[in-house]
Amino acid sequence: MTHRFSIALAVAGALLVAGCDTPDNERSTDPGATSQATTPASSSATVAPAGAPTDLVTGLDAPWSIVFADDAPLISERDSGNILEVVGDRTRVVGAVADVAPAGEGGLLGLAMREEILYVYFTSDDGDNRVVRYRLTGSTGGLGLGPVEPILTGIPGGRTHNGGRIAFGPDGMLYISTGDAQDRPKAQDPASLSGKILRITPDGDVPADNPTAGSPMWSLGHRNVQGLAWAADGTMFSSEYGQDTWDELNVIEKGGNYGWPRLEGGGEQFDSIYIDPVQQWNPDDASPSGMTIAGDTIYIANLRGERLRAVPVAAPETARDLYVGEFGRLRDVAVAPDGSLWFLTNNTDGRGDARSGDDRIKRVPALPN
């Protein structure tokens, strides 16, 4: 049986370049931060959704993540702890994740699929964040959850900055975004699981080719990453909440340090110790959460700013904003098996202005080639 990792993880001999990012739509003041004027991203993406978004499902309760089990869409609800299956224009409960403790930004968060196994990231009633997995039972339209199996426990949790996005990379490894849980220095501590992007095997072991032997850390110096996606050439992107100066789109490199809490956004004063974002913008404009890549375009769901942002993979310093203010806060976006684009509104989590029928899944019928 494979061994698991906990917060007590000790990383012997870990010496990595130092590294740095916040909550959902909540910004705390930082007297030490230097306010800078921002220039809105310009230009347009090479691909944009075709057709008008339509409602697939309404009446959701603080939905957080979308994944597809073959042709069965699955949704996590942050506060209820339920995993839902979308069947036509309605949902059914696949199962409830035990020991979920919703508070602030914590609760049932990210989902990822590998073959017939569902991976789940959540805040537990023990106060940590953890990843568990379930083998799906039944068939489409009647899915259920098998017994739970812990994969990674002891990720520091808090009312805010819990990270929570999980995704399998093209290398078959599970990537996990963790926030700094309001303990900023831990983002620079190689022995801590907070403020990181982690990389483990599907069974929870540390891959032999990770940056530091025995450590699940893939990159460090993150404030609160909630979006992970890979381009066709294997380039890994992440979206990250800033404090009150810059939100970020980053290209993630093995062992890279992204500066938090010493740095927010890019900065030449550190002589390239830290990796600069490929795009940064004012947090008031668009607070980024989930993301996906369709063809040659990165799509980022945004909470504050209430928009879907389209970014060309080939020119990630540019962006085109879609549906600004039309549907409220957007939490996640995914490409469905039929090539359509799905995104979740997030207006019922206590921070948005809920409208009749919220929250909902919106679908754009097709993406052009």
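Trainee: Where is Y323 found?
Mentor: Y323 sits in the loop between β21 (320-322) and β22. Strands here are DSSP runs of E, at least two residues long, numbered from the N terminus. This is a predicted model, so local features need pLDDT of at least 70 and side-chain atom pairs pLDDT 80 or more, while totals for chains, interfaces and linings use all residues. Residues are numbered from 1 along each chain as its sequence is written, and side-chain values use heavy atoms, without hydrogens or water.

Trainee: Is Y323 buried or exposed?
Mentor: Y323 counts as buried because its relative accessibility is 13%. Buried means under 20% relative accessible area, exposed over 50%, partly exposed in between (1.4 Å probe, protein chains only).

Trainee: What does Y323 touch?
Mentor: Leaving out residues up to four places away in sequence, Y323 touches P49, G51, P53, E306, R307, L308, F343 and V364. A contact is heavy atoms within 4.5 Å. The C-alpha atoms of Y323 and A52 are separated by 9.7 Å, although the two residues are 271 apart along the chain.

Trainee: New topic. How many salt bridges are there?
Mentor: The structure holds 22. Each is a side-chain nitrogen of Lys or Arg within 4 Å of a carboxyl oxygen of Asp or Glu.

Trainee: Which residue does E105 pair with?
Mentor: E105 meets R351, at 3.0 Å from N to O. E105 is in the loop between β5 (90-96) and β6, and R351 is in the loop between β23 (341-345) and β24 (361-364), so the pair ties together parts 246 residues apart in sequence. E105 is buried at 5% relative accessibility. R351, at 30%, is partly exposed.

Trainee: And what does R363 meet?
Mentor: R363 and D338 form a salt bridge, 2.9 Å from N to O. R363 lies in strand β24 and D338 in the loop between β22 and β23, so this pair joins parts 25 residues apart in sequence. D338 is exposed, with a relative accessible area of 54%.

Trainee: Which residues are linked in a network of salt bridges?
Mentor: R78, D79, R329, R331 and D349 are linked that way. Then there is the pair R92 and E85, at 2.8 Å from N to O. R92 is partly exposed at 22% relative accessibility, while E85 is buried at 0%.

Trainee: What about the largest nonpolar core?
Mentor: That core has 18 residues. A core is a set of buried Ala, Val, Leu, Ile, Met, Phe, Trp, Tyr and Cys residues joined through side-chain atoms within 4.5 Å. L74, I83, V97, L118 and V120 have the most contacts inside the core. The strands β2, β3 (72-77), β6, β7 (117-123) and β8 (128-137) each give two or more residues to this core. A second, separate core has 17 residues, among them A112, F168, L193 and I200.

Trainee: What does I83 touch?
Mentor: Among its contacts beyond four places in sequence are I75, R92, V97, L108, L118 and L145.

Trainee: Last one. How much space lies in the largest pocket?
Mentor: About 530 Å³, counted as the space filled by probe spheres set on grid points joined across faces, edges and corners. A pocket is an open set of points on a 1 Å grid over the protein atoms alone, where a 1.4 Å probe fits, with protein on both sides within 12 Å along at least five of seven lines; lining residues have an atom within 4 Å of a point.

Trainee: Which residues are closest to its centre?
Mentor: Of the 23 lining residues, I66, V67, A167, T292 and A334 are the closest. Elements giving two or more residues to the lining include β2 (63-69), β14 (225-230) and β22 (330-335).

Methods. Helix = DSSP H or I, 4+ residues; strand = E, 2+ residues; numbered from the N terminus.
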